[in-house]
Structures are given as C-alpha cells and as structure tokens.
Amino acid sequence: MSAGTVLFGLMAVCIRLASEQLHAFEIAFFRNFFGLVFILPILFRHGPSILRTNKLGFYIGRCAIGMVSMLAGFWAIVHLPLAQAIALSYSSPLFVTIAAVIVLGEVVRARRWTAVIVGFLGVLVIVRPGSDDFSAGSLVAVLAAVASASAAISIKFLSRTEHPDAIVLYTTLIWVPMSLLPALLYWETPVGITWLWIVLAGFLGTTAHMLWTRALRLGEASMLTPISFLQVLVVAVFGWFLFGEALDRWTVLGAAIIFGSNVYIARREAQLARQAVTDPEINPETPSPR
C-alpha cells in the first residue's frame, strides 16, 4: 500500500508536468493508452477466455461513470494546487457510504453517519464556500469524488461474478476509445519530454492500481487506509518543490478531518466484518448495522 500510494502521488506529478503542453483530457487518454500497454501481459497470461462476459452493457455504464471521475480528477490536478486536489479526492469513501445505502440497501447507523458528516465538514474546510479563497474548480474535484464513489459501487456488483483481472482489462479497454473522444477536442501532438511524462503516468497509474489491489487482498482496509493518505504528503512535497505551491493551512486541516473520518469508517467496517464471521447468531446474508 505504501508503494502504491507513492506511485499514485508520482502519477499526479507527471500529469501536472505533462499539462505544461497538453490539456488534461488528452493526458487522460494517454494515461489509459499506455496503461493498456502495460497490462496486456495479464491478457496473455489468462488468454482471451477471460474476456467472456454477459455484462458488457454494465461495463460500459461503469466505465462512463469512471471516465467522468477521471476527467474531472485530471482537470483538478492540473488547475488546483496538487495537495488540495488529492485531499478532496479522499472524500470519495463518504459518498460510497451514501451510495451503499441507496443502491445496495446497506444499513448505516448513527456512528457511521456521524463520521460521514464530520468528513463532509472537512470537505467544506478545504473548499470554503462563500469565502474570498473559494474556487469553483474545487467543486470539479468533489465531482470526481462523487463519480469515483459511483464507480466503486458498480465494481461491487461486477466482482460478484467477474474475475478481478477481467474488470481491470475491460475497464482499460473501454476507457481508451472513450477517453479519445474528449481528447480530440484539445488534441496537440506531444513533443520532447512530454512523452516521458505521459508514458510514466500510464505506467505509474497501472502499477499503483495493481499494488493497491494486492494490498487490500493481503491486509485489512482499516490498517491500510491511513497509509493511503501518504499520497497527500507526497504531492504536497512535489507541489512545493516543482511548482512553488505553499501548503495551505485550511487544506491541511480539512485533509486531517477527512482522514479521521475515513479511518473510523474503515475500522468500523473491519469490526463489523469480523463480528459477522465470529458471531454464529449473525446471519451473513443479513446486512449488518453500520
């Protein structure tokens, strides 16, 4: 998780560096294109049979939502201070909780709702609506978090019947042509060192995602969630060193509040999961109170 988190942070830095020549939408296309190149060995290992599915329509819908999240997230990375854009992206688990209630029918009780409300207070601290420092661009980062939460819920549905590698492959395969359409509106052929940044963005993003997935398979989310916030520190250091971005105290405070909320939600999830396994009186088919 530590390695994946650092690589995600470095990917954000590469996106910002590539934005000196390219539009955020074009960078998103190249991130997907080179990401596909780097995951092709998975297809060779499993063979074409891994792509057999009867949920192609669901994949397309899931990818459309994910594309909104990616385009909005890349735009935020390019136009907002790096630390602020990444900190706001961590509000996604708050929206996942709400979506889980609406879509999956999960039961969420007072303590977890309190954590969600506290987390949204952290978002407000960063965005600061109504103040002189308010930027409408910060709402784009929040949009990315909302769309990311919706995509996460869709993955829960797919993972019930689909192989994890198939989900990664189909997502990337669909994202390449899907991201090409908005990229063409701002197309400019990369030159010079920009090629390095977009290739690295594809490599770092794909490698980080694989490390992140493996980490969640090996360890508990409640233990790993705090580690993932290392990304905020990584981008804050590079933002200051490369782009002269001072770390705003409101971003630090808001990120700390969101961090605390996410850690509580993750730990609560882990406690309920263990309780469902160890308590014979709990029916595993019945949604646990949250």
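This is a predicted model: local features need pLDDT of at least 70, side-chain atom pairs count only at pLDDT 80 or more; totals for chains, interfaces and linings use all residues.
Before I point to anything, a helix here is a DSSP run of H or I at least four residues long, with the numbering of helices starting from the N terminus.

Is R16 buried or exposed? Because buried means under 20% relative accessible area, R16 counts as buried, with a relative accessibility of 9%. Leaving aside residues up to four places away in sequence, R16 touches I77, V78, L80, P81, L82, F243 and E245. As for P177, which is 161 residues away from R16 along the chain, the two C-alpha atoms are separated by 23 Å.

Let me turn to the largest nonpolar core, which has 68 residues, and in which I15, Y59, F74, I77, I86 and L88 touch the most other members. Helix α2, residues 24-46, gives this core its largest share, namely 11 residues. If we look at Y59 and again set aside residues up to four places away in sequence, its contacts include T53, L158, E162 and Y170.

My last stop is R128, in the loop between α6 (110-127) and α7 (137-158). Most residues other than glycine have a negative phi. R128, however, is not a glycine and still has a positive phi of about 50°. With a relative accessible area of 14%, R128 is buried as well.

Definitions and conventions:
Residues are numbered from 1 along each chain as its sequence is written. Side-chain values use heavy atoms; hydrogens and water are left out. Helices (H or I, at least four residues) and strands (E, at least two) are DSSP runs, numbered from the N terminus. Buried means under 20% relative accessible area, exposed over 50%, partly exposed in between (1.4 Å probe, protein chains only). A nonpolar core is a set of buried Ala, Val, Leu, Ile, Met, Phe, Trp, Tyr and Cys residues joined through side-chain atoms within 4.5 Å. Contact means heavy atoms within 4.5 Å.
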